[in-house]
Amino acid sequence: MSDFYSSGKRKSKQRSASSSSESKSPLDKRSRETQDEQIEVFVEEPRGADEVSVALDMALDVTTKLDEILAKLGKLDAIEATLHELRQKMSSVEREVSKLKGDVSKAKERIDHMDTSLQWFNTEVKGIQDKIKELNLAKENLHTQQLYAESYRRRENLKSFGIEERETGANSKDSEKVDTCDMLIDFLENGLGLDNTAEEIVELQRVHRLGKPVVGKIRPIIARFLRYPDRERVLRAFFRLSRESEIKVLEDYPKEIIERRRKQMPKLKEAKKSGLRVAFSKMEPDKLYINGKFVPM
């Protein structure tokens, strides 16, 4: 478009020049100059339209950019609203965290208090356990002392196994007791070879069989001697008896003492094979001594 206006302008000037050559009057000249200026003004008008178009284009471009900026600003507003919401949530979370910290601190204090209490409780429990151990040990010692006392109370007794029973035909206890005593004395005289003379008379306080009668089973006899030396004399005589004899004579101890002594028998037999002196204590009959030295169970 600018080229069109420019070419038009050139043509107008040429025409103006030829006209000036034809008419040389000053009036005509002035009027020609005026016309030329009008033509020039007319020719210059297209340049102003082009600038307006450029300005419109610039304005449109600015409008577009403004729209983009406004759209971005709208997004920024949304982002700002989101950030504001996030700040509120963060504030709420911070308050919750602060509350949780307070709760954790209180819980820690409680745990510390419980730990202190638990330590005290463990100390008390340990003290109680130690006390229980002491009491159990004292109880065991007391029980053992009772067993020793019971063993001492039975020190004049002997148990005889294998002496046959006789039927007396009477059902009274006295009749059975006399029969049992007679049979035991017969065994002492004939089985052990003890002379029941005035010098070696054996006096018995009480003799009876243990348990209820059972067909085909011989009940043991327990005899309580009046004098302890008589009991020892009978026991030594039994030790001289043949080991093949069906009749056995043993000391009368509580069942638990017998079990304790039985556990010591392997050591006792091994020591005897080695020719060592072995013996159970008289006062503490569950304790074994080898060559005078105590051997733990």
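Guide: Two strands are taken to pair if DSSP finds at least two bridges between them, and the model to which this is applied here is a predicted one.

Visitor: How many helices and strands does the secondary structure of the protein come to?
Guide: Read along the sequence, the elements follow the pattern α-α-β-α-β-β-α-β-α-β-β-β. Counted by type, that secondary structure comes to five helices and seven strands.

Visitor: Which strands stand at the edges of the sheet that four strands form?
Guide: The four strands make an open, antiparallel sheet in the order S2-S3-S1-S4. Two of them have a single partner strand each, so one side of each is left without a neighbour in the sheet, and these edge strands are S2 (204–209) and S4 (248–251).

Visitor: By what angle are neighbouring strands of this sheet turned against each other on average?
Guide: The angle concerns the sheet with the order S2-S3-S1-S4, in which the pairing is antiparallel. With direction ignored, its neighbouring strands are turned against each other by an average of 20°.

Visitor: Which residue in S3 stands opposite Arg206?
Guide: Strand S2 and strand S3 (residues 221–225) run antiparallel and are joined by five bridges. Across this pairing, the residue in S3 that stands opposite Arg206 is Arg224.

Visitor: Which helix packs on the sheet, touching S1, S3 and S4?
Guide: The helix in question has a direction that makes about 135° with that of S4, and the helix that packs here, spanning residues 228–239, is H4. From its first C-alpha to its last it reaches 17 Å over twelve residues, which is close to the 16 Å expected at 1.5 Å a residue for H4.

Visitor: Is Phe238 buried or exposed?
Guide: A residue counts as buried under 20% relative accessible area. Phe238, listed among the buried residues of H4 together with others that include Val234, Leu235 and Ala237, has a relative accessible area of 12%, so Phe238 is buried.

Visitor: Why does the pair of Phe238 and Phe239 count as tilted?
Guide: The structure holds two aromatic pairs. In the one made by Phe238 and Phe239 the ring centres lie 6.1 Å apart. Planes under 30 degrees apart would be stacked and those over 60 edge-to-face, with the rest tilted, so this pair is tilted because its planes stand at 50°.

Visitor: What is the distance, centre to centre, between Tyr289 and Phe294?
Guide: Tyr289 and Phe294 also form a tilted pair, with 55° between the planes, and the distance centre to centre is 5.7 Å. Both residues are partly exposed, Tyr289 at a relative accessible area of 27% and Phe294 at 38%. The value asked for is therefore that of the tilted pair, 5.7 Å.

Visitor: Which residue has its charged end over the ring of Phe294?
Guide: A charge of this kind must come within 6 Å of the ring centre. At 5.7 Å from the centre of the Phe294 ring sits the charged end of Lys287.

Visitor: Which helix lies across S5, S6 and S7?
Guide: Neighbouring strands of the sheet S5-S6-S7 are turned by 35° on average, direction ignored. Running at about 160° to S5, the helix that lies across these strands, residues 255–273, is H5.

How values were computed
Residues numbered from 1 in each chain as written. Predicted model: local features only at pLDDT ≥ 70, side-chain atom pairs only at ≥ 80, totals over all residues. Heavy atoms only, no water. Helix = DSSP H or I, 4+ residues; strand = E, 2+ residues; numbered from the N terminus. Axes fitted to C-alpha atoms, helices over the stretch in contact; angles between N-to-C directions. Contact = heavy atoms within 4.5 Å. Expected span 1.5 Å × (residues − 1). Buried < 20%, exposed > 50% of the residue type's maximum accessible area, 1.4 Å probe, protein only. Phe/Tyr/Trp six-rings, centres within 6.5 Å; stacked < 30°, edge-to-face > 60°. Lys NZ or Arg CZ within 6 Å of the ring centre and 35° of its normal.
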